[in-house]
Each structure stands twice: as C-alpha cells, then as structure tokens.
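Me: Hi! Could you walk me through this one while I have it open?

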Amino acid sequence: MGKWDRAGEAYEKALSYDRTLVAASYNLARALTEAGSYSRALEVLERLRAEDPDNVRLITLSAYAHHKAGDDEAALDAYRRAAELNPRDAPTLRNLALLLERAGRDEEARGILRELYTVDPSDDAVLRRLALLEARRAGAGPSGPSEEALSLLTAALARKPGDREVLRARAELRESRELFARAIEDWAALVQADPSDGEAWFRLARLRLVVAGDREAGLEALRKALDAKFSDAEAAAALLAALPEGERAGPAEILKAAGLTD
C-alpha cells in the first residue's frame, strides 16, 4: 500500500522474534529505503551481504539505497558489480546506464543502451535514453551520426508523442542539419504543447523570419516569445544580423520595445 514506515515496523517486529529471517531483513531494508532511512537500510544490507556478498538482489538494493541517499558514485560501483554477476539483467543495466550518463560517461552509457535496445527494441525507457544520447552525440559536431539519431528520436515520439524533451532534441537536431521545414513543425508542436516556452517561440520565429520568409507568422511568434519572457539579448542580436537589412525594421522594433536591443 506504499505505507513504508508501517511496513518497516512490521518487519522489525518479525525480526525481534527471529533475527535469522533473511527475507524479512531484505524487506526491512527496502521499506527503510523507501521511507528515507537510507543509513539504516544500508546497515541492514551490509549485514546481509557479509553472509552472502555476491547476492545480486542485495547488491542492487544497496545501489538503489545509495542512489536515493545521493551517493551516485557508490550506487554506480554497486550496479557495476551487479552487472558483472548478472550481465543479462535489464533493470540493472538500465540503472547502470542512467548513472553513467549522469556522471558524464556518455559513451559507456550509450554502449549499454545500444546492447539493451538490440536485445529488446520494445523497451520504451531504453529507446528514449538511447535516442537522447545519440542526439547529443550528433549535435556535438557537424559529422555526427544524425540520421540514426533522428530515426531513434522519431521512433521514441511515435510511442510517446507528448515527450517534450525528445521533441526538443529532434527540433534542435533537424535545425542544425538544415532540415528547416521539419524543424519548424517540431518547434510549432512544442509551443502548441506549452505556450509558455519562450525559447521554442523564438526558435520558431527565427526560422520563419530568416529561412521561410514568412514575415507575419515570424513576427507573431517573436511577440509570443517575448510574452513568454524570452530574454536572450545575444540571440536577439544574432537574429537581426541574420536578416537582410530591408527586413530588420519590424523585428528590431519588437525587440527594442522588449529591451533586448538598442
């Protein structure tokens, strides 16, 4: 029922009668972790692991407790050990990849996710993280593998169309690869999903004004960006510089009124 504090009390009562109940000790550690008593949970797990050091269930629960306690380095070490002992366990590998990504070890995380996706392409969580990592790698340079990244992002969006993080990653990648019509579609979808997204409104305005030549729609998107508190003066100046001199007056007036240009 999610009442972890009461569950912990019940397991502790059981253990007060018989300290050898391993299952109760494991469940106590889990209840303590979910209730936020991380140090006590880890004490219980240390005692259990002293008798059974290669028990994967104990190791993965220790990893989870360390992660919840904010010690991702210890959690990473524990998940690595669990993965060594049980290299086919998908949840352990997913968690290991997530912590590697958080630690900035994208290539290691990507390798694990790629293997998991090959084994089970139906795993939505794996597809999502892999797509975002591939998009990040593709966006790091002009020669990045953008086609595969775009394919993965599109596949992830087909399963969850409302995922704005994935949609933004695809919009940025499409724009960087000069797939402007498709990028406009994505930025338009983002502002439709969240009208308060000033950055998305500005990106949409820039593409409509500079690339598509759609002045009225571009000016309207620019006004919407400023209404949504867009405040990047450097980006505003770059927008004006990208426009032909004869087309700057309208955007310049809007940006000046907002205090973003002189």
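This is a predicted model: local features need pLDDT of at least 70, side-chain atom pairs count only at pLDDT 80 or more; totals for chains, interfaces and linings use all residues.

Reply: Happy to; we can start with the overall picture and then go through some helices and residues.

Me: Thanks! How many helices and strands does the protein have?

Reply: There are 15 helices and zero strands. Both are DSSP runs numbered from the N terminus, with helices being H or I of at least four residues and strands E of at least two.

Me: And is it spread out or a compact globule?

Reply: The protein is more spread out than a compact globule, because its radius of gyration is 25 Å, well over the 18 Å that the globule rule gives for 262 residues. That radius is taken over C-alpha atoms, and the rule is 2.2 Å times the number of residues to the power 0.38. Along the principal axes, the C-alpha trace spans about 85 × 35 × 30 Å.

Me: What share of the residues is buried?

Reply: Of the 262 residues, 40% count as buried. Buried means under 20% relative accessible area, exposed over 50%, and partly exposed in between (1.4 Å probe, protein chains only).

Me: Let's look at packing. How do H3 and H4 cross?

Reply: The axes of H3 (residues 38–51) and H4 (residues 56–68) come within 10 Å and cross at roughly 160°. Axes here are lines fitted to C-alpha atoms, for helices over the stretch in contact, and angles run from 0 to 180 degrees between N-to-C directions. H3 and H4 are therefore roughly antiparallel, a label for angles over 145 degrees, with under 35 being roughly parallel, 65 to 115 roughly perpendicular and the rest oblique.

Me: Which residues make that contact?

Reply: From H3 they are Tyr38, Leu42, Leu45, Leu48 and Arg49, and from H4 they are Leu58, Ile59, Leu61, Ser62, Ala65, His66 and Lys68. Contact means heavy atoms within 4.5 Å. By class, there are eight nonpolar, two polar and two charged residues. Ala, Val, Leu, Ile, Met, Phe, Trp, Tyr, Cys and Pro count as nonpolar, Asp, Glu, Lys and Arg as charged, and the others, Gly among them, as polar.

Me: How about H14 and H15, at what angle do they cross?

Reply: Their axes come within 10 Å and cross at roughly 165°, which makes H14 roughly antiparallel to H15. H14 brings Ala236, Leu239 and Leu240 to the contact, and H15 brings Pro251, Ala252 and Leu255. This contact has six nonpolar, no polar and no charged residues.

Me: Last topic, backbone angles. What is phi at Glu178?

Reply: Glu178 has a positive phi of about 60° although it is not a glycine. Most residues other than glycine have a negative phi. Glu178 sits in the loop between H10 (164–176) and H11 (180–193), and counts as exposed at 59% relative accessibility.

Me: And where does Lys229 lie?

Reply: Lys229 is in the loop between H13 (215–227) and H14 (233–242). Its phi is near 75°, a positive value in a residue other than glycine, and Lys229 is exposed, with a relative accessible area of 70%.

Methods:
Residues are numbered from 1 along each chain as its sequence is written. Side-chain values use heavy atoms; hydrogens and water are left out.
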